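Subject: The model, and what turned up in it

Hi,

Here is the structure I promised to pass on. Have a look at it first, and then read on for my notes.

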Amino acid sequence: MLANGNSESKHSIYCGSGVRIMRGQVVYVIHHLRSGERILWQQFTDGWLSFRHYGVALDDGTVVHFCGDKECIQNEARIKRTSREEFCQGSCLHIAKEVCYRFSPELVAERALAQVGGNFGGYHVLLNNCEHFANWCACGKKISRQVMRR
């Protein structure tokens, strides 16, 4: 049994790290900020040197996620469907085990796909970010635990 209550099925996708990911499962990667890197610097002035980027996995090896240009994410953020490799950007893929799923994996995937191309109400680091989007797809609520922990 997996984190979202599903057993293994034909909808499994595999990561290089051996983690089994299912369609409609919320996933994330951890990005570490390097010295001098400008990515989202205005949003992480609290001393944290990393952040999680969330998305919803699909069974074709793609991920739907809320992202934008690293220099002006506030203005340019959109819901995108990208390859898992592009989503990971060289980082390991993790299953978000803390997600409380209200919807079936198929409905989670459908909710994510229905938002592709839109701006999900506009990006805001504290009120409407990638984790808010992924949780909304899974349970209908905009929740960001990493914002609450900061």
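Where is the place of Phe120? Phe120 sits in the loop between α3 and α4, and I will come back to that loop below.

A word on the ground rules. This is a predicted model, in which local features need pLDDT of at least 70 and side-chain atom pairs count only at pLDDT 80 or more, while totals for chains, interfaces and linings use all residues. Residues are numbered from 1 along each chain as its sequence is written, and side-chain values use heavy atoms, with hydrogens and water left out.

**The overall layout**

The protein chain has 5 helices and 7 strands; these are DSSP runs, numbered from the N terminus, with helices being H or I of at least four residues and strands being E of at least two. Read from the N terminus on, the order is β-β-β-β-β-α-β-α-β-α-α-α. The protein chain has 150 residues, and 45% of them count as buried. Here buried means under 20% relative accessible area, exposed means over 50%, and partly exposed lies in between (1.4 Å probe, protein chains only). Among the contacts in the protein chain with a separation of 6 or more, 59% are between residues 24 or more positions apart; contact means heavy atoms within 4.5 Å.

**The cores**

The largest nonpolar core has 24 residues. Such a core is a set of buried Ala, Val, Leu, Ile, Met, Phe, Trp, Tyr and Cys residues joined through side-chain atoms within 4.5 Å. The members that touch the most other members are Val26, Tyr54, Phe66, Phe133 and Cys137. Two or more residues each come from β3, β4 (50-57), β5 (62-67), α3 and α4, and α4 gives the most, with 6 residues. Another core lies apart from this one; it has 9 residues, including Val27, Ala57, Val63 and Ile95.

Leaving out residues up to four places away in sequence, Val26 touches Tyr54, Gly55, His94, Ile95, Ala96, Val99, Tyr101, Ala134 and Ala138.

**How α3 meets α4**

Helix α3 (residues 105-114) and helix α4 (residues 130-139) pack at an angle of about 135°, and their axes are 8 Å apart. The axes are lines fitted to C-alpha atoms, for helices over the stretch in contact, and angles run from 0 to 180 degrees between N-to-C directions. The two helices are therefore oblique to each other: under 35 degrees counts as roughly parallel, over 145 as roughly antiparallel, 65 to 115 as roughly perpendicular, and the rest as oblique. On the α3 side, Val108, Arg111 and Ala112 make the contact, and on the α4 side Phe133, Trp136, Cys137 and Ala138 do. By class, that contact has 6 nonpolar, no polar and 1 charged residues. The nonpolar class holds Ala, Val, Leu, Ile, Met, Phe, Trp, Tyr, Cys and Pro, the charged class holds Asp, Glu, Lys and Arg, and the others, Gly among them, are polar.

Most residues other than glycine have a negative phi.

Asn129 is in this loop too and is buried at 4% relative accessible area. Beyond its neighbours within four places in sequence, Asn129 is in contact with Phe66, Tyr123, His124, Ser144 and Val147. Gly118, also found in the loop between α3 and α4, counts as partly exposed at 24% relative accessibility. Gly118 touches Arg78 and Ile79, not counting residues up to four places away in sequence.

**Three more places to look**

- Gln89 is in the loop between α2 (84-88) and β7 (93-95). Gln89 has a positive phi of about 45° although it is not a glycine, and it is partly exposed at 47%.
- Ile30, in strand β3 (residues 26-32), is partly exposed at 26% relative accessibility.
- Ser83 belongs to strand β6 (residues 78-83) and touches Gly61 and Thr62, not counting residues up to four places away in sequence.

Best wishes
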